[in-house]
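Hi,

Here is the structure I promised to pass on.

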Amino acid sequence: MAEAANRTETFTHKLRVAYFSMEIALENDIPTYSGGLGVLAGDTLRAAADIGVPMVAVTLVSRAGYFRQQIDPQGRQIEHPDDWDPARYATRLQATVALELEDRQVWVGGWLYVLSSLVDSGVPVLLLDTDLPVNDPRDRDITHHLYGGDETCRMKQEVVLGVGGIAMLQALGFKLMGYHMNEGHSAFLTLALLQRYAYPSEDLRPGESPYDLPRVRELCTFTTHTPVEAAHDKFDYELVRRIYGDLLDPGTVKLLAGEDKLNMTRLALNLSEYVNGVAKRHAEVSRLMFPGYAVHAVTNGVHAATWTSTSIAKVYDQHVPGWCHEPELLSRADRIPDDMLWAAHQAAKQALVDKVRELTGVVLNPDLPILGLARRMTAYKRADLLFTDLARLRTLAGDRPFQIVMAGKAHPKDAAGKQLIEVLHAHMRDLAGVIPMAFLPDYDMALALLMVSGSDVWLNTPLRPLEASGTSGMKAAFNGVPQLSVLDGWWVEGCLEGVTGWAVGDDSPTANGHDAVALYDKLGQVVLPLWHDDRPGWVAVMKGAISKNAAYFNSHRMMRRYATEAYLR
């Protein structure tokens with residue numbers, strides 16, 4: 001306990017921004033993330049550690065993780081628990097705080113994990129945990145499964161994250177300059193802040209609000225991440241009352257969070273002074289979804305050191321010294337000799353080829369191009385767009401051979417996403433002997449790095465305008481891998497046709513129905529001929545991806561934007 005107290009006190013003397021996220025990718029082997037949102041949160045904190053932005057993060061311990069994915073011979077996803085022991089990686093906090101849930105007292109403890117830094121003591125991450133002997137057995141597993149359980153469990157998790165997180169920060173003595181909500185899951189923290197900054201009743205005039213709304217707004221920043229309506233959490237007010245009682249005056253809550261249901265996104269929008277989307281296009285879409293709100297655009301970025309393969313990093317170290325700390329220096333990538341960059345890419349490609357053989361038994365040819373495709377398996381991501389016309393695909397492969405490597409998890413309750421994985425495996429069987437293909441099970445950060453660095457072309461084919469940002473193509477850019485993508489999310493900003501990669505179709509609202517034909521045309525007429533017939537031309541596009549995209553779409557630039565525009569306003 002003394003060790004935990006001493007470690008915590010290291011961080012409590014400095015004013016910090018409290019960053020709340022339901023999931024954070026801390027390390028590959030700590031399964032407190034499910035996909036892009038958590039990986040983005042991890043990259044945010046790693047960048048903060050690198051450049052000295054004073055932050056403290058709050059998340060759930062998720063002892064059972066998200067899930068480990070197994071694929072059976074028919075291509076069906078099977079989920080297994082992904083248990084981990086926080087004591088192996090973190091130090092137990094010396095404080096516990098109490099919440100009232102369903103008329104029971106629930107104690108919340110936690111763990112301290114520190115993201116290391118070269119510039120100061122690092123960024124502390126608090127992993128909230130209800131698995132305490134003092135708690136009722138019904139409450140000990142609230143923080144076990146990331147996005148697990150039913151709606152009741154989900155709401156309890158979000159109360160623990162938002163309200164429990166606020167209480168824990170106060171109990172530990174953190175001095176805070178503001179609160180950053182990464183998506184709406186933690187928006188209950190705003191209600192806790194309203195309770196904290198309520199006026200004494202004797203100071204109020206008749207009809208005057210008891211809550212200092214401007215003060216709370218001044219403290220809060222909110223980043224929204226999705227244009228998909230179903231992804232915005234909403235809870236029936238009867239459920240809210242049953243679980244947590246009357247949080248505040250019911251009329252005030254409905255005014256802030258919605259008349260029919262408690263909408264976590266609306267709550268965060270109404271109680272945040274600074275609101276942003278995660279790409280310019282996403283901010284535009286969000287302003288249409290939520291008219292009347294000022295939604296800024298801070299386009300996502302990825303963490304340079306985390307998402308660059310060893311072989312490519314060695315080349316950067318030699319020719320662009322300092323790139324890890326100042327990724328914008330990669331704008332000088334044109335000074336890298338072509339043969340050196342190509343050799344480094346081939347080393348990364350061989351690592352992917354070896355992993356594919358290890359995991360699936362599929363033998364790929366490192367002398368043929370690999371199309372990489374990996375993402376959360378859900379309908380709007382359209383991972384099957386490439387397979388719309390199998391005859392056309394066979395013709396393309398006959399003219400200029402290529403290979404395909406895929407990966408991705410479907411949420412256990414997403415039946416359509418699971419079906420999509422089965423469909424992809426059916427296509428693999430249909431094209432056996434024509435196009436070498438592999439689907440890598442249990443997609444995680446380690447597999448992601450192998451894929452974004454070892455592929456030759458990175459595919460992304462979402463349904464417009466539902467891709468808020470999409471950061472996998474940014475990771476590919478750090479490895480000199482150009483992207484072939486639908487113009488949505490960050491690619492609207494990052495695509496310089498034939499320079500950083502290529503667009504699938506245009507960005508008109510009617511383009512979705514023509515994307516398959518556009519994809520085949522671009523592959524057959526531009527991408528594959530360039531790879532097979534013009535190596536210097538291909539390497540020029542690799543350098544364009546590095547110098548134009550990696551140099552800009554990085555988390556250091558993103559964090560500086562947050563610091564100057566949101567935190568220090």
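First, the ground rules. This is a predicted model, so local features need pLDDT of at least 70 and side-chain atom pairs count only at pLDDT 80 or more, while totals for chains, interfaces and linings use all residues. Residues are numbered from 1 along each chain as its sequence is written, and side-chain values use heavy atoms, with hydrogens and water left out.

**Helix pairs**

Helices (H or I, at least four residues) and strands (E, at least two) are DSSP runs, numbered from the N terminus. Axes are lines fitted to C-alpha atoms, for helices over the stretch in contact, and angles run from 0 to 180 degrees between N-to-C directions. Angles under 35 degrees count as roughly parallel, over 145 as roughly antiparallel, 65 to 115 as roughly perpendicular and the rest as oblique. Contact means heavy atoms within 4.5 Å.

Start with α2 (residues 36–51) and α19 (residues 555–567): their axes come within 9 Å and cross at roughly 80°. That angle makes α2 roughly perpendicular to α19. On the α2 side the contact uses L40, D43, T44, A47, A48, D50 and I51, and α19 supplies S555, H556, M558, M559 and R560. By class, these are six nonpolar, three polar and three charged residues (Ala, Val, Leu, Ile, Met, Phe, Trp, Tyr, Cys and Pro count as nonpolar, Asp, Glu, Lys and Arg as charged, and the others, Gly among them, as polar).

Next come α11 (residues 338–360) and α18 (residues 535–550), whose axes come within 10 Å and cross at roughly 80°. These helices are therefore roughly perpendicular to each other. D338, L341, W342 and H345 of α11 meet R535, P536, W538, V539, M542, K543 and I546 of α18.

E151, T152, M155, K156, V159 and V163 of α3 touch L239, V240, R242, I243 and Y244 of α6.

**Single residues**

Buried means under 20% relative accessible area, exposed over 50%, and partly exposed in between (1.4 Å probe, protein chains only).

- L530 sits in α17 (residues 515–533) and counts as buried at 18%. Leaving out residues up to four places away in sequence, L530 touches W502, R535, G537, W538 and V541.
- H144 is in the loop between β8 (123–129) and α3, and is buried at 19%. With the neighbours up to four places away set aside, H144 contacts S62, R63, A64, G65 and D131.
- L128 belongs to strand β8 and is buried, at 0%. Its C-alpha atom is 8.5 Å from that of S62, 66 residues apart along the chain.

**Cysteines**

How many disulfides are there? The count is zero, taking a disulfide as a pair of cysteine sulfur atoms within 2.5 Å. C153 is buried at 18% relative accessibility, and C220 is buried at 0%.

Cheers
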